[in-house]
Amino acid sequence: MNRAYKFRIYPTREQEILIHKTFGCCRFVYNHMLADKKQAYEETKKTIKITPAAYKKEYLWLKEVDSLALANEQLHLERAYRKFFKESKIGFPKFKSKHSSRKSYTTNVVNGNIRMSEGKLRLPKVGTVKICLHREIPAGWILKSVTVSMDPSGKCYASLLFAFESCENQAGTVRKEKVVGIDYAMHGMAVLSTGEKCEYPGYYRQAQKRLAREQRSLSHCRKGSRNYQKQKRKVARCHEKVRNQRKDYHHKLSFRLAEEYDAVAVEDLDLKAMSRGMNFGKSVIDNGYGNFLNMLSYKLEQRGKVLVKTDRFYPSSKKCSKCGKVKETLALSERTYHCNCGNHMDRDVNAAINIREEGKRLLCA
């Protein structure tokens, strides 16, 4: 298995300039290879294979940066081409923009060119950089590659990809009493089949006033000026804080669930459609429920446990968790589930119980 750990790095001013150059060279090579591929296909109706080395004779400044970073751009482009021809709905590869594209590059470990020792990380061309190792790297893990990235706020990070032997999957030993169901809650985060409600604080809504103030100040600055760049970083830091708060909440909740239960059953929701309909976009996006499920999935997998997804059209909300009767209609405004069998409970808890029972059935199938 592979796993990546992301650490913050503190490059010097000279190193930061070289990292910026590497970002620009990777973007330049990617765009030129894409343009040449498109032109060759229009002329010959054949797909050609181009390497970054073909541009180094004409553009000598490409030799200043890490050659493996440029080679990885070629691999990224080839992967994007294969995805397009396999699944056309993904779309044709697009050119990278200087202003809106993510600033990052990936370099591989070859003959010990990347090393870590005493809080320092050695990167090709860049040299030794101070790194904040906030977590211990287990013994026996093999470093494969490093992705250097920079946030809009100006902070630099290094994502270290390690290879290690995976643990045996214990999916066959799932205890039924250790299965929990999760129902998505629009005005919170989730409701568990145990009755617990995971209340999400809504960090984006809390930061809206400050964010509006900083964005208003940005609109008054002359675009491209030094004050504009400073204010732009302030806006980026506001978004960064919200993102970090949300990720912290997701990590803690997913870790607790992965530790306590052998299997977790969830609904296979179309979050994109939910965000577009009925003016729920801000609540759905602020919750980051999809990101939470991704974290929960890999944390369960690491422990040899299971994440079960019920069918998208399974009537978890309309079905009575006691007698099994399914209602024909259930208005969204009805927050309490009432059934003729005498079952009266919160509709989200009722749905979570149904999801849990459906998850158990799928595990036994």
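Helix α6 (residues 226–260) supplies three residues to the lining of the largest cavity, the largest share of that lining. The model is predicted. A search of the whole structure finds one cavity of 30 Å³ or more, and the volume of the largest cavity is about 30 Å³. Its lining consists of Tyr204, Ala207, Leu211, Cys238, His239 and Val242. Sorted by class, five of the lining residues are nonpolar, one is polar and none is charged.

**Nonpolar cores**

The largest nonpolar core has 40 residues, and those that touch the most other members are Ile9, Leu62, Tyr105 and Val146. At least two residues of this core come from each of β1 (2–10), α1 (13–44), α3 (67–86), β4 (120–123), β5 (127–132), β6 (142–150) and β7 (156–163). Helix α1 gives the largest share of this core, with 10 residues. Leaving aside residues up to four places away in sequence, Val146 touches Tyr105, Thr106, Thr107, Ile114, Leu123, Ala158, Ser159 and Leu160. Another core, of 24 residues, lies apart from the largest one, and its members include Tyr200, Ala258, Tyr261 and Leu296.

**Salt bridges**

The structure has 18 salt bridges. The table lists some of them.

| Pair | N to O distance |
|---|---|
| Asp151 and Arg243 | 3.4 Å |
| Arg303 and Glu259 | 2.7 Å |
| Asp268 and Arg312 | 3.7 Å |

The side chains of Asp151 and Arg243 meet in a salt bridge. Asp151 is in the loop between β6 and β7 while Arg243 is in helix α6, so this pair ties together parts that are 92 residues apart in sequence. Asp151 has a relative accessible area of 15% and is therefore buried, being under 20%. Arg243, at 33% relative accessibility, is partly exposed.

In the salt bridge between Asp268 and Arg312, distant parts of the chain are linked: Asp268 is in the loop between β11 (263–267) and α7 (271–276), and Arg312 is in the loop between β12 and β13 (336–338), 44 residues apart. Asp268 is partly exposed at 28% relative accessible area, and Arg312 is partly exposed at 41%.

Methods. Residues numbered from 1 in each chain as written. Predicted model: local features only at pLDDT ≥ 70, side-chain atom pairs only at ≥ 80, totals over all residues. Heavy atoms only, no water. 1 Å grid on protein atoms, 1.4 Å probe; cavity = no way out; pocket = protein on both sides within 12 Å on 5 of 7 lines; lining within 4 Å. Points joined across faces, edges and corners; volume = space filled by probe spheres on them. Helix = DSSP H or I, 4+ residues; strand = E, 2+ residues; numbered from the N terminus. Nonpolar A, V, L, I, M, F, W, Y, C, P; charged D, E, K, R; others polar. Core = buried A, V, L, I, M, F, W, Y, C linked by side-chain atoms within 4.5 Å. Buried < 20%, exposed > 50% of the residue type's maximum accessible area, 1.4 Å probe, protein only. Contact = heavy atoms within 4.5 Å. Salt bridge = Lys/Arg side-chain N within 4 Å of Asp/Glu carboxyl O.
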